[in-house]
Structure formats: structure tokens, C-alpha cells
Protein chains: 2
Amino acid sequence: MLLRTGRVATLATLDRNTGHPFASLINMGTDRDGSPVILTSRLATHTANLEADARASLLIAETGKGDALAYPRLTVLGTFRPVVREDADEPRLRRRFLLRHPKSELYAGFADFGFWRMEVVSAHLNGGFARAADLAAAEVLSDLNDAKELADAEDDAIAHMNGDHSEACRLYATRLLDLPDGAWRCVGVAPEGLELQLGGEAAWLPFSQRVMAPGALRPMLRQLADQARRA
Amino acid sequence: MLLRTGRVATLATLDRNTGHPFASLINMGTDRDGSPVILTSRLATHTANLEADARASLLIAETGKGDALAYPRLTVLGTFRPVVREDADEPRLRRRFLLRHPKSELYAGFADFGFWRMEVVSAHLNGGFARAADLAAAEVLSDLNDAKELADAEDDAIAHMNGDHSEACRLYATRLLDLPDGAWRCVGVAPEGLELQLGGEAAWLPFSQRVMAPGALRPMLRQLADQARRA
């Protein structure tokens with residue numbers, strides 16, 4: 001789930017003066033369904049580009065040692081919508097983004113900064129040398145139509161995990177995902193899994209089956225914690 | 001000199017079906033003046049995009065620990081030209097690219113692979129948080145009009161440095177640029193400096209003054225070697 005673990009991505013916009021595609025670096029987060037969310041300054045070139053033409057893509061690449069082209073990466077194509085303070089989803093997008101990027105709190109309140117949410121139209125997955133596939137939006141996003149209860153309970157679930165079950169988050173990351181030890185935190189809950197984070201590292205814990213409501217989330221998390229303790 | 005040390009970059013092309021800017025990962029090299037050169041397969045989406053509309057940009061980002069947005073990065077905008085086997089500059093572009101990416105030798109000869117050279121139109125430098133500047137092509141490329149002698153001697157100079165002065169390359173990197181020890185090699189000679197490489201790491205050694213001919217290159221390299229030995 002590259003989309004769920006992306007923190008830094010390359011944004012491609014259309015240069016408002018020449019029409020050239022313009023690549024720039026950006027911090028990204030996601031909405032509950034996985035739709036990319038960015039926070040940009042109106043003073044930045046890519047923001048001026050988006051204001052003129054909102055078509056864009058984001059490249060999210062897994063990184064590691066050696067040849068960068070040997071790792072999977074995902075290009076997500078879509079159209080960005082500016083999120084204004086009055087929008088009903090602004091508080092949610094802000095909250096989710098700042099969980100993912102706590103340092104952005106420094107400037108997220110500045111008057112020239114604002115969020116943009118991407119309406120995904122398609123995606124292109126490159127799994128490494130000579131392995132590529134075109135994907136539909138539905139193949140990279142979570143369907144929340146049958147999981148509204150879970151989505152509505154996300155904030156409470158995150159607060160509960162980080163408040164009362166921080167040790168479980170740590171075990172998920174270290175025992176089940178084989179990641180470095182530390183104070184891992186939960187930063188997102190999706191029907192297909194849990195978004196975890198430690199400093200600049202993001203991770204994705206997949207569920208063994210789709211979870212659509214808080215009543216099913218609890219036993220799933222407990223089962224994973226038991227599994228982690230035994231591991 | 002991000003352009004001279006870039007090895008992996010994000011390429012932004014125009015999606016041939018939807019017109020969306022399309023971001024993908026790519027290996028890059030440069031021509032003698034710094035113009036970006038890429039090697040792509042005709043089977044790749046970005047190649048099909050370039051064949052339909054050759055306008056593109058490349059994002060070259062310095063990487064390191066911590067916040068990726070705190071490091072400098074350069075967006076180079078331009079138009080790519082396909083380089084066919086019969087082109088006069090094909091052997092030079094191939095040679096320079098394969099010095100930078102020795103592993104690409106595995107597929108550089110495949111029938112579906114070919115080089116593209118970017119004609120730079122402008123650039124955008126982002127020096128870290130809230131420090132950005134638009135640059136003209138002449139500000140990021142080397143002017144070779146008065147340095148034709150040096151350009152013509154590049155292959156010999158590279159062979160000479162790697163054959164007879166490999167220890168100097170190592171000292172330049174370790175003593176003058178404070179880089180890890182190893183068998184550093186010279187992979188490019190520009191009027192403004194030397195391109196060095198060790199495995200996947202690229203470095204740039206700036207000259208104290210512009211060098212336009214082999215006669216001026218020798219004392220400059222000797223002086224830098226003396227300086228490195230004393231360091």
C-alpha cells in the first residue's frame with residue numbers, strides 16, 4: 001500500500017506559463033479512503049500551477065539501498081480540489097495530515113497555506129524493472145460506502161490506540177512487520193488495515209479481512225496483538 | 001551542481017491519453033554541457049508520452065536524513081529529442097550515460113531502448129523551505145562555446161584520470177569533499193569542475209576558476225591533488 005505509507009512524493013503539475021509538466025517535491029498525506037492530500041503555500045510554483053489547471057499526478061516511491069529503479073513505485077493521476085477552511089472535510093483532512101506530518105503544524109496555520117485533495121482518476125504501478133500495470137482509481141482507493149461506521153469512528157479509534165494501546169502499535173510494527181523498535185503510533189484506520197508511523201517512517205499493517213465497523217475492528221486488533229505477542 | 005550529480009530523477013511527461021502531467025522514476029545522466037540525458041524503453045508509459053509530446057521536466061533532489069523538503073532540489077524544464085543510433089552525438093551520449101550507470105549496459109543495447117536528450121528551457125531551484133528561484137537555461141548549463149577544446153578532450157581526460165590518477169580521484173572525494181573512502185572514478189569533465197562517482201554515489205568537484213582547454217586542466221587537477229594531500 002504505497003498510497004498509505006507515502007510521506008514525501010513528487011508532484012507533477014502543468015506549468016502555467018509554458019504548459020510543460022512541472023515536477024516538484026512535496027509532503028503528502030491521505031484522506032480516509034486513501035485519496036492524496038497535500039498542504040501547499042500559495043507562494044509556491046506548483047500551487048500557482050494547480051490554480052491554473054488542477055490536473056496533476058503524484059509519484060510515491062519506495063526507497064532503499066541500491067538501485068532506486070528496483071523498488072516499487074506508484075503514479076496516481078487525478079485532479080486537485082482546493083480545500084477551504086469552511087469545507088466540511090477541512091478539519092478531518094487537517095487532522096489526518098498533521099498526524100502524518102506533525103512538523104507541518106508550524107506553518108499549517110499560515111494564511112498562505114492550504115490543503116488540496118486529489119480526486120483520483122487512475123494509477124500506474126511500476127513493480128520494478130519491466131513490471132508495470134495500469135490501475136483504476138477503485139484499485140488503489142478504499143471503498144468506504146459499506147464502511148461508513150468505521151470511517152466515522154476513525155478519530156476515536158486512533159486516540160484509543162495511541163492512548164491505551166501504544167504497546168500494541170509497537171508490537172505490530174516490530175513483531176509483525178519486522179520494523180525497528182520505537183514508539184510507533186497509529187495515524188490512520190482503513191477497512192483494509194492500519195497506518196502506523198514512527199518519526200519519518202510510515203508502515204501499513206494489513207488486516208486478514210475487510211473491517212467495516214468499530215465492532216469488528218476491536219477483535220481484529222486484539223487478534224493481531226495476540227499474534228504479535230506470540231511472534 | 002545538482003544537475004551534475006543527479007543519477008535518479010523524477011521525470012514529468014504529459015499523459016498522452018488525458019493530458020495529465022505524469023510523474024515517473026528514471027535514471028538520468030548528462031551531456032557535456034549538463035543537458036539531461038535519459039535512457040528509456042519504448043514499452044514504458046513515459047516514452048509513449050514523450051513520443052506524443054516531448055515537453056517534460058526532471059526533478060533532481062538531494063537526499064539525506066530527516067525531512068526531505070529541507071534539502072535542495074532542482075526542476076529542469078525542457079523538450080526531449082530522441083537520439084537515434086545514426087546521430088553524431090549518440091556515441092558520446094551513450095558513453096557518458098554508461099559511465100554514470102554501468103548497470104544500464106545490460107539493456108542499453110536492446111532494440112526497444114533509446115536515449116533522449118533534453119533541450120533545457122528553464123529551471124527552478126528550491127533551496128529548502130521557502131527559498132526558491134527561477135533560473136534561465138544558461139544558469140544551469142555549462143557554456144561550451146569557449147571551451148570546445150576541453151569538451152573534445154573529455155574522453156581522453158577521463159581515461160587518463162581513471163587509468164593513471166585514480167588515487168587523485170580518491171583524494172579529491174575523501175579529502176576535499178569529505179566523502180566516504182573508496183575507488184572514486186572520474187565520469188565527466190566540465191569547465192566548472194569534475195564529475196566523480198563511487199557506486200551509486202555521485203559528487204561534483206568545483207574548480208577555482210573556469211577551465212577551457214586541456215592545457216589549463218592539467219595544472220588545475222595537479223593543484224587540487226596537492227591541496228588534497230595537504231588537507
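How many bridges join E8(A) to strand E9 (residues 193-198) of chain A? There are 5, and the two strands run antiparallel. This is a predicted model, in which local features need pLDDT of at least 70, side-chain atom pairs count only at pLDDT 80 or more, and totals for chains, interfaces and linings use all residues. Residues are numbered from 1 along each chain as its sequence is written, chains are lettered from A and ligands numbered from 1 in the order in which they are written, and side-chain values use heavy atoms, with hydrogens and water left out.

**The sheet of chain A**

Within it, Ala190(A) stands opposite Gly193(A) in E9(A). Two strands pair if DSSP finds at least two bridges between them; helices (H or I, at least four residues) and strands (E, at least two) are DSSP runs, numbered from the N terminus. Contact here means heavy atoms within 4.5 Å, and axes are lines fitted to C-alpha atoms, for helices over the stretch in contact, with angles from 0 to 180 degrees between N-to-C directions.

**Strands and a helix in chain B**

Strand E5 (residues 73-83) of chain B is mostly covered, with 8 of its 11 residues buried. Buried means under 20% relative accessible area, exposed over 50%, and partly exposed in between (1.4 Å probe, protein chains only). The pairings of E5(B) are set out here.

| Strand paired with E5(B) | Sense | Bridges | One bridge pair |
|---|---|---|---|
| E4(B), residues 55-61 | antiparallel | 7 | Ala56(B) with Gly78(B) |
| E6(B), residues 113-126 | antiparallel | 11 | Leu74(B) with Leu125(B) |

Ala70(B) has its place in the loop between E4 and E5 of chain B. Leaving aside neighbours within four places in sequence, Ala70(B) is in contact with Gly127(B) and Gly128(B). By comparison, the C-alpha atoms of Ala70(B) and Ile38(B), 32 residues apart along the chain, are separated by 27 Å.

Helix H2 (residues 45-52) of chain B is largely enclosed by the rest of the structure, because 6 of its 8 residues are buried. Among them are Thr45(B), His46(B) and Leu50(B).

**A helix pair in chain B**

Helix H7 (residues 154-164) and helix H8 (residues 166-176) of chain B pack at an angle of about 90°, with their axes 4 Å apart. H7(B) is therefore roughly perpendicular to H8(B), a term for angles of 65 to 115 degrees (under 35 is roughly parallel, over 145 roughly antiparallel, and the rest oblique). Met161(B), Asn162(B) and Asp164(B) of H7(B) make the contact with Ser166(B), Ala168(B), Cys169(B) and Tyr172(B) of H8(B).

**Cysteines**

The structure holds 0 disulfides over all chains, a disulfide being a pair of cysteine sulfur atoms within 2.5 Å. In chain A, the sulfur of Cys169(A) is 5.5 Å from the closest cysteine sulfur, in Cys186(A), which is too far for a bond. Cys169(A) is buried, at a relative accessible area of 0%. In chain B, the sulfur of Cys186(B) has its closest cysteine sulfur in Cys169(B), 5.5 Å away and too far for a bond. Cys186(B) also counts as buried, at 0% relative accessibility.
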